[in-house]
Amino acid sequence: MLIFGWKGASGFSSCSTAEAVTNGVDATGLTAVVTGSSSGIGVETARVLALRGAHVVMAVRNVDAGRSVKEAILKEIPTAKVDVMQLDLSSMASVKKFASEYVSSGLPLNLLINNAGIMMCPYMLSTDKIELQFATNHVGHFLLTHLLLDTMKSTARESNQEGRIIIVSSEGHRLSYKEGIRFDKINNEAEYNNVRAYGQAKLANILHANELARLLKFSLFNQEEGINITANSLHPGVIATNLYRHTGVIATITNAISRFVLKNVQQGAATTCYVALHPKVKGVTGEYFSDSNVYKPNSQAKDEELAKKLWDFSLDLINPFC
């Protein structure tokens with residue numbers, strides 16, 4: 001991460017806002033799915049994409065909250081194209097339903113922004129009996145990406161425009177368990193640590209993006225040639241949002257110091273919007289960004305064998321819903 005206010009090679013810094021990093025960008029004609037866009041940085045991501053002309057599909061668990069956000073966006077930007085669809089990433093059945101409805105709608109898909117997430121919650125299992133942070137932050141997005149990828153491929157071919165998949169990770173990936181991904185202990189309640197489990201899920205986000213980028217780059221999906229889709233991950237920054245609701249004392253401290261040292265939501269959405277829309281990111285794939293600049297994750301996040309193992313593990317998990 002950059003020292004607060006220092007600009008990196010992109011010309012932007014941790015102080016840059018989502019509007020600033022997309023200034024002058026015309027996203028007219030692009031369609032974007034943004035998960036978790038009814039709260040936090042997801043709201044600002046949806047708003048700025050709509051401001052730049054993109055058709056935004058808000059994929060949200062709470063439809064009423066999503067509709068309220070849509071109304072606020074339309075009040076500010078009367079010409080905005082915004083739709084709201086229900087999606088619960090902790091349920092693979094919900095993910096499959098969303099993807100089926102999206103494909104049936106006939107909408108193109110240029111940008112898939114996997115933004116939704118939960119943070120450091122107590123031990124719980126998803127409806128599919130998978131530890132909740134891993135299920136919501138990684139498995140749900142893995143399945144969503146898998147089910148929408150053909151639509152992205154078709155859109156990229158027909159529009160002759162680059163498709164971009166953006167996965168919101170975190171510097172918290174450095175806090176994962178020693179082995180990185182505990183493939184044989186995902187649901188081990190006795191050894192569960194809410195911070196480590198969060199780190200594991202965020203590490204999985206980076207590994208997912210990297211392996212997806214590798215497969216797309218070398219045209220290994222279905223032996224296809226020239227797939228014009230990139231995949232990148234990012235750290236949005238430390239932001240005072242409701243992500244911290246499960247962290248107790250951490251939430252109290254966060255709220256107390258947020259106005260002095262943390263990013264606001266406008267700054268927190270900047271890296272996502274930069275990677276989604278900025279011309280400088282064209283052709284860039286398999287990278288990790290922070291403060292709207294390429295940044296270096298830890299060694300586990302760059303481990304190609306770990307990424308391949310996670311890919312196969314994840315495919316087995318989602319297989320019944322494919």
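The dialogue below walks through some features of this predicted model.

Q: What should I know about the numbering and the atoms used?
A: Residues are numbered from 1 along each chain as its sequence is written, and side-chain values use heavy atoms, leaving out hydrogens and water. Since the model is predicted, local features need pLDDT of at least 70 and side-chain atom pairs count only at pLDDT 80 or more, while totals for chains, interfaces and linings use all residues.

Q: How many helices and strands are in the protein?
A: Helices (H or I, at least four residues) and strands (E, at least two) are DSSP runs, numbered from the N terminus. Here there are ten helices and eight strands.

Q: What share of the residues of the protein count as buried?
A: Buried means under 20% relative accessible area, exposed over 50%, and partly exposed in between (1.4 Å probe, protein chains only). By that rule 56% of the 322 residues count as buried.

Q: What span is expected for helix 3?
A: The expected span of a helix is 1.5 Å times one less than its number of residues. Helix 3 (residues 63-76) has 14 residues, and the 20 Å from its first C-alpha to its last is close to the 20 Å expected.

Q: Which residues of helix 3 are buried?
A: In helix 3, the buried residues are Gly66, Val69 and Ile73. They fall within an arc of 60 degrees seen down the axis, so they line one face of helix 3; the arc is that of the directions from the helix axis to the C-beta atoms. The face turned away from the buried side carries the exposed residues Asp64, Glu71 and Lys75.

Q: What covers the buried residues of helix 3?
A: Contact means heavy atoms within 4.5 Å. The cover includes helix 2 (40-51), strand 2 (55-60) and strand 3 (81-86).

Q: Which residue caps the N-terminal end of helix 3?
A: Look for a polar contact, a pair of N or O atoms within 3.5 Å; within protein, one must be able to donate a hydrogen and the other to accept it, and residues adjacent in sequence count only if both atoms are side-chain atoms. Asn62 is the cap of helix 3, with a side-chain oxygen 3.1 Å from the backbone nitrogen of Asp64.

Q: Which residues of helix 10 are buried?
A: They are Leu306, Ala307, Leu310, Trp311, Ser314 and Ile318. These residues cover an arc of only 140 degrees around the axis, which puts them on the same side of helix 10. On the other side of helix 10, Glu305 and Asp316 are exposed. The buried residues of helix 10 pack against helix 4 (92-105), helix 5 (132-159) and helix 6 (194-217). At the N-terminal end of helix 10, Asp303 is the cap: a side-chain oxygen lies 3.0 Å from the backbone nitrogen of Glu305.

Q: How many residues of helix 6 are buried?
A: Helix 6 is mostly covered, with 19 of its 24 residues buried. Asn193 caps its N-terminal end, placing a side-chain oxygen 3.0 Å from the backbone nitrogen of Val195.

Q: Where is Ser90, and what joins its side chain to that of Asp88?
A: Ser90 is found in the loop between strand 3 and helix 4. A polar contact of 2.7 Å joins the side chains of Ser90 and Asp88. At 15% relative accessibility, Ser90 counts as buried.

Q: How many aromatic pairs are there?
A: Rings of Phe, Tyr and Trp (its six-membered ring) pair if their centres lie within 6.5 Å; planes under 30 degrees apart count as stacked, over 60 as edge-to-face and the rest as tilted. By this rule the count comes to eight. One of them joins Tyr288 and Tyr295, a tilted pair at 6.4 Å centre to centre with 45 degrees between the planes. Tyr288 counts as buried at 2% relative accessibility, while Tyr295 is partly exposed at 29%.

Q: Is Asn160 buried or exposed?
A: Asn160 is exposed, with a relative accessible area of 68%. Its place is in the loop between helix 5 and strand 5 (163-168), and Asn160 has a positive phi of about 55 degrees although it is not a glycine.
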